[in-house]
Amino acid sequence: MRIVLLGAPGAGKGTQCKRIAAKYGLVHLSSGDILRQERAAGSNLGKKAQSYMDAGELVPDKIIVEMMAGAIKKAADSGFVLDGFPRTVNQAVELDKALTSAGQKINAVLNLEVNDQLIVRRMAGRRSCPKCGAVYHIENLKPKAEGICDNDGDKLVQRPDDNAEVVANRLKTYHQQTEPVVAYYKNNNTVYDIDANRTADEVTAAIFENLNAMVSV
Ligand code: AMP
């Protein structure tokens with residue numbers, strides 16, 4: 001299975017992708033996580049991406065497409081769920097080209113729909129583990145001990161690009177550049193619109209229902 005998860009920042013893509021990957025045995029490929037790892041490692045790619053990420057803007061397509069092409073190739077056998085990529089129509093076109101030349105295609109696109117006000121609230125309360133990348137929320141998805149990662153005991157942090165000003169810019173970027181990707185896929189692929197203004201568990205149930213129906217066809 002090759003799946004794309006679309007949705008605004010804070011729509012819950014990361015949480016849902018982890019659950020989808022675990023249930024269907026897929027590789028979870030998050031462009032944001034890969035970029036954060038590159039930054040932490042101090043690589044050239046990480047340095048190039050830094051200023052865009054901190055401002056809530058998109059890293060240029062060429063850099064992202066190259067980075068994701070390598071990761072997607074490695075995951076070709078097991079199948080994958082893409083999280084945060086593609087984020088522009090150009091990226092979606094490049095992804096389709098790469099898959100077509102490998103005799104593959106995207107099987108399903110899940111579009112998480114959330115209203116902007118809820119996104120701002122969610123992102124203000126989002127905390128993550130700098131070590132393993134696990135994501136929590138101070139109200140909706142609490143760790144067992146406040147401020148501490150369940151997996152490795154590390155201190156949870158707020159992502160620097162989750163501050164209010166950068167969030168506003170990330171939302172603007174989403175509406176301008178990523179929303180057209182939904183329309184692109186609606187022309188060419190099966191897109192499941194999922195109401196993601198609900199709890200993470202309710203959203204997961206809706207996603208699994210759609211994917212199970214698709215797999216059993
Ligand atoms: P995310 O964790 O998916 O919210 O991504 C964090 C930041 O990484 C974004 O605000 C962008 O600056 C950058 N980024 C992640 N994925 C992409 C992409 N597909 N295209 C361009 N920039 C990206």
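Reply: Two strands pair if DSSP finds at least two bridges between them. Helices (H or I, at least four residues) and strands (E, at least two) are DSSP runs, numbered from the N terminus. The model is predicted, with local features requiring pLDDT of at least 70 and side-chain atom pairs pLDDT 80 or more, while totals for chains, interfaces and linings use all residues. Residues are numbered from 1 along each chain as its sequence is written, and side-chain values use heavy atoms, with hydrogens and water left out.

Me: How many bridges join strand 4 to strand 7?
Reply: Strand 4 covers residues 108-113 and runs parallel to strand 7. Leu 112 has Ile 194 as its bridge partner in strand 7, and Asn 111 has Asp 193. The number of bridges joining the two strands is 5.

Me: Which residue in strand 4 stands opposite Leu 5?
Reply: Strand 1 (residues 2-7) is joined to strand 4 by 5 bridges, and the two run parallel. Strand 4 is mostly covered, with 5 of its 6 residues buried; buried means under 20% relative accessible area, exposed over 50% and partly exposed in between (1.4 Å probe, protein chains only). The residue opposite Leu 5 is Leu 110.

Me: What is the order of the strands in the open sheet?
Reply: The sheet has 5 strands with parallel pairing. Its edge strands are strand 2 (27-30) and strand 7 (191-195), each of which pairs on one side only. From one strand to the next the twist averages 20°. The order is 2-3-1-4-7.

Me: Why are helix 6 and helix 7 classed as oblique to each other?
Reply: Axes are lines fitted to C-alpha atoms, for helices over the stretch in contact, and angles run from 0 to 180 degrees between N-to-C directions. Helix 6 (residues 116-124) and helix 7 (residues 164-188) pack at about 140°, with their axes 11 Å apart. Angles under 35 degrees count as roughly parallel, over 145 as roughly antiparallel, 65 to 115 as roughly perpendicular and the rest as oblique. The angle of about 140° therefore makes the pair oblique.

Me: Which residues make the contact between helix 6 and helix 7?
Reply: Contact means heavy atoms within 4.5 Å. By class, this contact has 5 nonpolar, 1 polar and 2 charged residues, where Ala, Val, Leu, Ile, Met, Phe, Trp, Tyr, Cys and Pro count as nonpolar, Asp, Glu, Lys and Arg as charged, and the others, Gly among them, as polar. The residues are Asp 116, Ile 119, Val 120 and Met 123 of helix 6 and Val 167, Arg 170, Leu 171 and His 175 of helix 7.

Me: What separates the C-alpha atoms of Val 181 and Ala 92?
Reply: Val 181 is in helix 7 and is buried, with a relative accessible area of 0%. Leaving aside neighbours within four places in sequence, Val 181 is in contact with Leu 6, Pro 86, Arg 87, Thr 88, Val 89 and Ala 92. Val 181 and Ala 92 are 89 residues apart along the chain, yet their C-alpha atoms are separated by 7.0 Å.

Me: Is Ser 31 buried or exposed?
Reply: Ser 31 lies in helix 2 (residues 31-41). Not counting residues up to four places away in sequence, Ser 31 touches Met 67, Met 68, Asp 83, Gly 84, Phe 85 and Arg 87. With a relative accessible area of 4%, Ser 31 is buried.
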